[in-house]
Amino acid sequence: QDATFHATKEVCKLNTKKFSSVYLLIVLLAGAMVIAPAVTNYADTQNEAPSYVAPGETGVLMLQFDVKNTGTFAQDFGSLDVSMTSSSNENYADVDNIILLDSTETEVDSKTWDGASETLTNVNISIDGGETKTFYLAVDVASDASEGQDIDVKADNLLGGDDVTLLNSSGSTDTSVSSGTSTIDGTAPVYESAITGDASGGDSDARTKIYVDFTTTASDLDPDTVEASDFSVAGGSKTVEEITDSDVGDSNVVLTLANELETDATPNVALVGTVEDEAGNEAATDDYDADDGLIPEMESARTTAVDEIKVTFSEDLDDTTVTKGDFNLTNPTSGINSYSLSGNVVTLSIGDLDNTGVTPEVNLTDSDSGIDDLVGNTNDKTTSLSTTDDAQPTLDSVDFMESTELGDDLRDKDGLKLTFSEEIAIVGNTGS
């Protein structure tokens, strides 16, 4: 029996050793899987802080951070200290509350921010071995927060299980993580003016555009809050058709209309909806008559005689800016002797054309300084128009024709040969 006992004992020892080796291998393999997870790049998502916040804004996400249990068994994330980075432009009184949220943005713990640093003591989140959990820090901005002050949040001194640690923006363990900075902006943008066209200074040829200007302080306009329905333009079919993100600048919006404007139009443009800046401050509704920012355009040209062409523009012109050098004629070429202006019509005195049916091209050149409308919008573009024939045919000569020249059927008649300046059609002619 004793021999049997010792033999059995040795077998058990061998089996135990074999089991222990297998167990150790499994633990090592499992440990390897825990220690070397797929690396996540947190750098693009860790800082949630908006560039600007408004006084009284609540639940502002400032920081996303991850907490990892590097051990094998579940351990608690118990508490967390929260502070600011203590730059010279920060004031703790600008924040009322600090809030810890889980990955679903559900509140885990919160604290009134009364001092330089606060401890969130009621976290108590269990994290399994090898598991990483995501959390957010948010703040409620004080309603009397100081204009231009900065706020941020810094998470450090995480307490809990020995293996529970913060991860920094590169996914490595760290003692603290910080958000970016948000600047407090409590001043709403103000709708200041409008001008037709797509440029603040005028000289535009964009006849379906209106440039609307705002005054902003720290933060720019938020494109996500600007829509076509936020504006109305008086004048029948002059409705705002669209506004894209690219139409929204730092402090301006370019409206696209469904129909073209007259180049001297000054329609009333009203802000009727909600336009906000990046801090969430809303501009007050208002309206202005738009300034004229559209250039005068050459709309038509017509011959009125063999030595005269009238060019019509889209609006009245400033006589001091018009010269004969602003124009030339091609196809066929002809010289320009002089000009006269009446309102929006320029009359060109030219060298005689071959006949009243010739229709040359009129070219507006940029050889001089351009042509202005009455408010100073300058058209210095090179454009061309074909003329229309509006010159009445002239009777150039009358010749007596003897009967012998008239053909066999008219030999007993005499006639007159009428020569006109161009081919004509005789209304009501029956061929006799």
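Here is a quick tour of this chain, from its overall build to its salt bridges. Keep in mind that this is a predicted model, where local features need pLDDT of at least 70, side-chain atom pairs count only at pLDDT 80 or more, and totals for chains, interfaces and linings use all residues. Residues are numbered from 1 along each chain as its sequence is written, and side-chain values use heavy atoms, leaving out hydrogens and water.

**The overall build**

- You'll find one helix and 33 strands in the chain; helices (H or I, at least four residues) and strands (E, at least two) are DSSP runs, numbered from the N terminus.
- The chain has 432 residues, and 38% of them count as buried. Buried means under 20% relative accessible area, exposed means over 50%, and partly exposed is in between (1.4 Å probe, protein chains only).
- Take the contacts (heavy atoms within 4.5 Å) between residues at least 6 apart in sequence: 67% of them join residues at least 24 apart.

- Side chains of opposite charge can pair when their charged atoms come close.
- This structure holds five salt bridges, each being a side-chain nitrogen of Lys or Arg within 4 Å of a carboxyl oxygen of Asp or Glu.

**Aspartate 205 and lysine 381**

- These two form a salt bridge, and their closest N and O atoms are 3.4 Å apart.
- They sit 176 residues apart: aspartate 205 is in the loop between strand S15 (190-196) and strand S16 (209-215), while lysine 381 is in the loop between strand S29 (378-379) and strand S30 (383-386).
- Aspartate 205 is partly exposed at 41% relative accessible area, and lysine 381 is partly exposed too, at 29%.

**The network around arginine 207**

- Salt bridges link Arg207, Glu260, Glu297 and Glu299 in a network.
- Arginine 207 meets glutamate 260 in a salt bridge (3.9 Å, N to O). Glutamate 260 lies in the loop between strand S19 (252-257) and strand S20 (268-271), 53 residues from arginine 207, which is in the loop between S15 and S16.
- Arginine 207 also pairs with glutamate 299, with 3.8 Å between the closest N and O atoms. Glutamate 299 lies in strand S22 (residues 298-305), so this pair ties together parts 92 residues apart in sequence.
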